[in-house]
Amino acid sequence: MIKFEKFVLDNGLRVIVHQDKSSPISCINILYDVGARDEDPEKTGFAHLFEHLMFGGSVNIPNYDEPLQRVGGENNAFTTNDITNYYLTLPTANLETGFWLESDRMLSLAFSEKSLDVQRNVVIEEFKQRYLNQPYGDVWLLLKPLAYKVHPYLWSTIGKEIKHIEDARMEDVRDFFKRYYCPNNAIMVVGGNVELEEVKHLSEKWFGSIPKGPENKRNLPKEPKQMEGRTLTVERDVPLNSIYKAYHMSAKGSKEYYPVDLLSDILSRGNSSRLYNKLLKEKKLFNDINAYVTGDLDEGLFVVSGKLNEGVKMEDAEAAIDEELALVKEQLVTVDELTKVKNKVESTIEFSEMEVLNKAMELAFAELLGNAELVNKEVGKYLAVTAEDIKAEANKIFRKENSSTLYYLSKSK
């Protein structure tokens with residue numbers, strides 16, 4: 001049970017306070033309700049570019065990292081399809097330094113051409129290194145537009161193509177900042193050995209005068225129901241052939257999400273899972289195999305991916321996957337399997353809640369989903385799942401016409 005207090009500033013900034021007296025450090029986590037899905041289809045990669053720009057100096061603080069490191073703090077950030085999240089940890093005695101740093105960059109970035117050039121080059125280099133020059137690096141650049149045709153999940157957080165980042169202009173950057181990086185589009189969680197009244201005082205002092213931004217009404221195109229199976233075959237310089245099968249599924253936070261998430265664990269979490277036992281150990285078809293959910297805030301994907309062993313035919317590998325997916329459609333998963341994955345999920349959630357920063361992130365995300373209190377109901381939702389729920393969802397999802405399959409072949413094979 002995570003206890004917290006919540007208040008809202010006049011400018012719309014939602015603030016959640018979690019007191020943990022056992023923690024020697026405190027944290028500030030700021031979630032901005034903007035991700036890759038909010039980008040212009042012709043200007044993609046902006047949310048991720050902005051994650052970098054936010055460390056490029058603000059109006060009153062030319063170097064974000066230096067003052068934080070001086071007081072023993074650390075920081076980082078990440079971008080997804082749905083959110084951009086910034087976090088820092090520091091000794092509780094220096095908490096105000098964190099408020100000063102975060103408020104100044106929310107108030108206004110420095111917006112120098114130099115900073116834009118530097119960060120643009122950093123992102124372009126990341127695009128090349130992680131997505132273009134790394135074995136299997138372009139999988140999501142291929143799989144997403146295969147599975148999605150109109151919803152903005154069809155591009156990755158890095159963007160559709162390098163050119164979109166190369167062409168990013170200062171005017172575009174300013175517009176993006178003004179629209180999304182404002183107090184009424186953010187959730188701040190302060191956790192650690194902190195007092196509610198002190199956090200209220202610091203929040204008002206450092207964030208209270210930041211002007212409210214526009215009300216962003218999200219109106220994303222809904223992905224039409226997929227009516228036919230899609231396939232794509234590519235050849236690359238990689239050591240092993242691999243296969244990626246993606247199925248449309250429900251959104252994170254929906255009632256249907258929990259049985260599907262547990263099913264992914266039954267299929268591939270650990271060495272006792274079905275796909276590992278049957279296809280890797282017993283049939284020796286795969287070098288590695290995984291099943292997982294993307295966990296997106298809009299309708300996401302259930303993905304089965306695997307690298308084939310040398311000499312294994314693609315059609316045999318795919319048929320073996322299809323056979324395992326057919327089994328969960330036809331038969332109820334066993335009591336033992338379901339109990340085991342529920343226990344694992346429960347212990348994973350409880351273990352993550354030992355860290356004050358993890359708790360802060362979970363509270364922010366739950367608030368984004370509708371109410372921070374949802375964080376305390378998560379385990380119960382998993383424990384309530386029945387074998388019948390899993391079978392019903394498997395039958396909804398694992399249909400050929402709902403599938404997008406990428407055959408990723410090694411040129412040397």
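In this predicted model, the buried residues of helix α7 (residues 170-180) are M170, D172, V173, F176, F177 and Y180; buried means under 20% relative accessible area, exposed over 50% and partly exposed in between, with a 1.4 Å probe and protein chains only. These residues span an arc of only 160° around the axis, which places them on the same side of α7, the arc being that of the directions from the helix axis to the C-beta atoms. An α-helix has 3.6 residues a turn, so residues three or four places apart point the same way. The cover over the buried residues of α7 includes β3, α1 (46-53), α3 (95-107) and α4 (113-132), where contact means heavy atoms within 4.5 Å. Helices (H or I, at least four residues) and strands (E, at least two) are DSSP runs, numbered from the N terminus.

Some notes on the conventions belong here. Residues are numbered from 1 along each chain as its sequence is written, and side-chain values use heavy atoms, with hydrogens and water left out. As the model is predicted, local features need pLDDT of at least 70 and side-chain atom pairs count only at pLDDT 80 or more, while totals for chains, interfaces and linings use all residues.

Turning to the chain as a whole, the protein has 15 helices and eleven strands. Its radius of gyration is 23 Å, close to the 22 Å that the globule rule gives for 413 residues, so the chain is as compact as a globular protein of that length; the radius is taken over C-alpha atoms, and the rule is 2.2 Å times the number of residues to the power 0.38. The C-alpha trace spans about 65 × 45 × 35 Å along its principal axes. Of the 413 residues, 54% are buried. Among contacts with a separation of 6 or more, 81% involve residues 24 or more positions apart. The accessible surface comes to about 18600 Å², and 50% of it belongs to carbon and sulfur atoms, as computed by the Shrake-Rupley method with a 1.4 Å probe.

The strands can now be followed sheet by sheet. Six of them form an open sheet with mixed pairing, in the order β1-β2-β6-β3-β5-β4; two strands pair if DSSP finds at least two bridges between them. At the edges stand β1 (5-8) and β4 (74-79), each with a single partner strand, so one side of each is left without a neighbour in the sheet. From one strand to the next, the twist averages 15°, with axes fitted as lines to C-alpha atoms (for helices over the stretch in contact) and angles running from 0 to 180 degrees between N-to-C directions.

Within this sheet, β1 and β2 run antiparallel and are joined by four bridges, with R14 in β2 as the bridge partner of V8. Their hairpin has five residues between the strands, and G12 there takes a positive phi near 95°. Strand β2 in turn runs parallel to β6, with six bridges between them; V17 stands opposite V190 in β6, and H18 opposite G191.

Strand β6 is mostly covered, seven of its seven residues being buried. A186, M188, V190 and G192 point one way, whereas I187, V189 and G191 point the other way. On to the next neighbour: β3 (residues 25-32) and β6 (residues 186-192) run antiparallel, joined by six bridges. N29 stands opposite V189 in β6, and C27 opposite G191. Helix α8 (residues 196-207) packs on the sheet, touching β1, β2 (14-19), β3 and β6, and its direction makes about 25° with that of β1. Helix α13 (residues 356-369) lies across β1, β2, β3, β4, β5 (84-91) and β6, and runs at about 25° to β3.

The other sheet is also open and mixed, with five strands in the order β7-β11-β8-β10-β9. Here β7 (230-236) and β9 (286-293) are the edge strands, each with a single partner, so one side of each is left without a neighbour in the sheet. The twist averages 10° from one strand to the next. Six bridges pair β8 with β11 (residues 403-410) in the antiparallel sense, and K245 stands opposite T405 in β11. Helix α10 (residues 274-282) packs on this sheet, touching β9 and β10 (301-308), with its direction at about 155° to that of β9.
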